[in-house]
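Here are my notes on the model, as numbered points. Please read them with the structure open.

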Amino acid sequence: MKWPVLLGLVALSECIVILPLRKMKTLRETLREKNLLNNFLEEHAYRLSNSDSKTATHPLRNYLDNCYVGNITIGTPPQEFRVIFDTGSADLWVPSISCVSEACRTHISFNYQKSSTFEKPGQPITIYYGSGIIQGFLDSDTVQIGNFVSLKQSFGLSEVEYGFDGAPFDGVLGLAFPSISSKGAIPVFDNLWSPGAFSEPVFAFYLSKSKPEGSVVMFGGVDHRFYKGELNWVPVSQPRHWLISMNHISMNRSIVTCSHGCQAFVDTGTSLIYGSTDLVTNINKLLNARLEDSEYAVSCDAVKTLPPVIFNINGIDYPVPPQAYIIKAQNFCLSIFHGETWILGDVFLRQYFSVFDRKNDRIGLAPAV
């Protein structure tokens with residue numbers, strides 16, 4: 001299926017905003033360099049989100065590796081923040097000047113006293129993420145993303161943060177469906193979509209493979225210069241999360257896991273690829289990876305000989321080469337496959353330009369340039 005002609009041209013109009021994203025040094029890398037990673041992982045064991053509909057969101061998976069950040073502004077006059085554009089959650093939040101946590105001291109905080117458009121309903125919120133929690137209040141103000149302005153936008157102001165010390169971002173801008181937002185708050189994308197700010201209710205990601213610069217997130221249309229061929233469309237399994245069905249995963253023409261199909265989150269808030277522990281263990285065995293201090297180490301020379309890992313989605317193969325799924329860390333190499341729920345994170349998305357279509361509840365994938 002192809003986009004209408006409009007989307008092939010919309011990048012040239014004012015109806016699409018393309019924001020630069022910057023690849024940051026990850027917290028995992030920083031902790032590893034200081035020999036603090038194992039202590040951190042023990043103290044911040046992965047926690048699933050609370051299922052209480054009053055507080056829960058889909059987890060921001062493994063924020064240790066969230067490293068693509070972009071800028072937005074909040075308030076009048078605008079105050080700038082560096083945020084993760086996260087398809088795994090639905091809330092926008094930044095630190096408040098009233099925040100008492102150590103994490104807030106190293107990030108930019110919102111000074112509501114300096115904004116003439118700030119409104120303080122004061123509804124308390126708690127948002128649970130994969131490795132952290134924020135607590136604060138749900139307020140509203142003007143939020144700007146590029147040329148798009150969202151008036152009276154609900155957003156969280158954190159007053160207490162757990163697990164975000166040293167994170168390379170100030171806050172999170174969630175791009176999942178409104179049904180998982182805290183307290184029924186309307187997400188930024190929906191608040192812009194409702195009055196018709198977008199020509200098409202879509203957003204898309206291009207994540208550069210190596211350079212810190214060059215990555216973008218675009219709203220309102222698709223710029224075809226960032227991908228090759230045609231977009232292949234995959235229906236969303238249920239309109240709460242960006243969850244899709246995978247047919248199977250193979251190596252060397254043999255199915256190695258997910259033989260009866262499985263569900264996977266497409267999550268820009270996660271850097272690696274995750275899957276159920278037993279199935280990921282099978283993949284790492286085939287890579288001759290050995291478990292060392294909670295990570296799977298492999299020979300750096302393996303990049304020359306290992307085959308691609310192929311994800312079959314909606315009948316189409318999406319290979320991920322060993323140059324992508326083996327990463328160098330200081331003087332050794334690691335497999336990016338980790339045990340958990342299946343999540344296709346940035347390692348996958350660097351290979352494939354991704355389009356998230358809210359109108360038709362589907363994700364488009366095509367080889368990235």
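1. Buried means under 20% relative accessible area, exposed over 50%, and partly exposed in between (1.4 Å probe, protein chains only). Strands are DSSP runs of E, at least two residues long, numbered from the N terminus.

2. This is a predicted model: local features need pLDDT of at least 70, side-chain atom pairs count only at pLDDT 80 or more, and totals for chains, interfaces and linings use all residues. Residues are numbered from 1 along each chain as its sequence is written, and side-chain values use heavy atoms, with hydrogens and water left out.

3. E2 pairs with E1 (residues 17–23) in the antiparallel sense, over 2 bridges. Two strands pair if DSSP finds at least two bridges between them. Tyr68 in E2 is the bridge partner of Lys23.

4. E3 (residues 79–86) runs antiparallel to E2, joined by 6 bridges. Phe81 in E3 stands opposite Ile72.

5. Gly122 lies in strand E5 (residues 119–128). Gly122 is partly exposed, at 24% relative accessible area. Beyond its neighbours within four places in sequence, Gly122 contacts Phe137, Leu138 and Asp139; contact means heavy atoms within 4.5 Å. Gly122 and Ser140 are 18 residues apart in sequence and 9.5 Å apart in space, C-alpha to C-alpha.

Definitions and conventions:
Helices (H or I, at least four residues) and strands (E, at least two) are DSSP runs, numbered from the N terminus.
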